[in-house]
Amino acid sequence: MQPFPFPRCPRPRAPVRTQHITMSKRPLVELSRSAYAKAVAHAAKFPDNAVNGVVIGTVEGSRVTVQDALPLMHTHLQLSMLVEAAMTQAVAYAESKQLQVVGYYHASKIASQMEMDTITKTIAERIREAQPNCVVLMLNGTRLASASDTALFDLYTPAKEAGKWVQWHAPTGEEGGAMAPLPVSVLQATGNMLASGVYSSVCDFEEHLQNVSLNWLTNNALEEALSTQ
């Protein structure tokens, strides 16, 4: 297995273009219930921190199917040997499931912050080197209160120009943008997860380092809790 080509130093910030699309276009990204819930749970567990993780799945042309989310960090998001070690494990785990790392998710400490920061862009660019059609999911914390009926992530995809990213927005009144609409059942289950406190059973790589019995790759405790939602 080739190690994940992780950056040793940050790269210059790249401009982001914004594009508006309609739901009539073929969705580019499909999120599984598990991937969506885990990423949301990670952000909810650490509301005063920024959090990040990677998503794994498959890519067919411009269609990305996200099957799972692997929570990484909640304090040490900056590039480090810890993050590199976590990414290497994530790649190995994805390969064991015949999947690949297809993107990155991030929730800012500031709920309304939706721009890709330097750390996000640097990690995303390295993932892009391995998978040109990768995605970045930015959690909009201002929507958490309406999680039962509103999708929480905005989407970035690679622009044609190297180092540039396109932010996708749905027109007013339409959700999802370049993402396939999430079933109502998924949104309702996510809302229930947040209301019941089940989200607290998620664990990330940092917590795994403190307690190796916690499996940050499978998150079985959260999966079992979600099955009752």
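## Two helices side by side

Helices H1 and H4 are roughly parallel to each other, because the angle between them is under 35 degrees. They belong to a predicted model. H1 covers residues 33-45 and H4 covers residues 184-196. They pack at an angle of about 30°. Their axes lie 10 Å apart. The crossing of H1 and H4 is right-handed.

Which residues in H1 and H4 meet? From H1 come Arg33, Tyr36, Ala37, Val40, Ala41 and Ala44. From H4 come Val186, Leu187, Ala189, Thr190, Met193 and Leu194. Sorted by kind, the residues of this contact are ten nonpolar, one polar and one charged.

## The chain as a whole

How many helices and strands does the chain have? There are six helices and eight strands. Starting at the N terminus, the order of elements is β-β-α-β-β-α-β-α-β-β-β-α-α-α.

The chain holds 229 residues, and 52% of them count as buried. Its accessible surface comes to about 10,400 Å². Carbon and sulfur atoms account for 52% of that surface. Take the contacts between residues at least 6 apart in sequence: 75% of them join residues at least 24 apart.

## Ala35, inside helix H1

Ala35 sits in helix H1. Is Ala35 buried or exposed? Ala35 counts as buried, because its relative accessibility is 4% and the cut-off for buried is under 20%.

Setting aside residues up to four places away in sequence, Ala35 touches Val66, Gln67, Asp68 and Ala69. Leu70 is 35 residues from Ala35 along the chain. The C-alpha atoms of Ala35 and Leu70 are separated by 8.1 Å.

## Arg143, in a loop between strands

Where does Arg143 lie? Arg143 is in the loop between strand E6 (135-139) and strand E7 (153-158). Its relative accessible area is 21%, so Arg143 is partly exposed.

Which residues does Arg143 contact, leaving aside neighbours within four places in sequence? They are Thr150, Ala151, Leu152, Phe153 and Asp154. Phe153 is ten residues from Arg143 in sequence. From C-alpha to C-alpha, Arg143 and Phe153 are 9.1 Å apart.

Most residues other than glycine have a negative phi. Gln98 has a positive phi, near 60°, and is not a glycine. Asn219 is not a glycine either, and its phi is positive at about 50°.

Gln98 is found in the loop between helix H2 (81-96) and strand E5 (100-107). Asn219 lies in the loop between helix H5 (205-210) and helix H6 (220-226). Are these two residues buried or exposed? Gln98 counts as exposed, because its relative accessibility is 75%. Asn219 counts as buried, because its relative accessibility is 2%.

Definitions and conventions
Residues are numbered from 1 along each chain as its sequence is written. This is a predicted model: local features need pLDDT of at least 70, side-chain atom pairs count only at pLDDT 80 or more; totals for chains, interfaces and linings use all residues. Side-chain values use heavy atoms; hydrogens and water are left out. Axes are lines fitted to C-alpha atoms, for helices over the stretch in contact, and angles run from 0 to 180 degrees between N-to-C directions. Helices (H or I, at least four residues) and strands (E, at least two) are DSSP runs, numbered from the N terminus. Angles under 35 degrees count as roughly parallel, over 145 as roughly antiparallel, 65 to 115 as roughly perpendicular and the rest as oblique. A crossing is left-handed if the near helix is turned anticlockwise from the far one by less than a right angle, and right-handed if clockwise. Contact means heavy atoms within 4.5 Å. Ala, Val, Leu, Ile, Met, Phe, Trp, Tyr, Cys and Pro count as nonpolar, Asp, Glu, Lys and Arg as charged, and the others, Gly among them, as polar. Buried means under 20% relative accessible area, exposed over 50%, partly exposed in between (1.4 Å probe, protein chains only). Accessible areas come from the Shrake-Rupley method with a 1.4 Å probe; for residues, only the protein chains shown count as cover.
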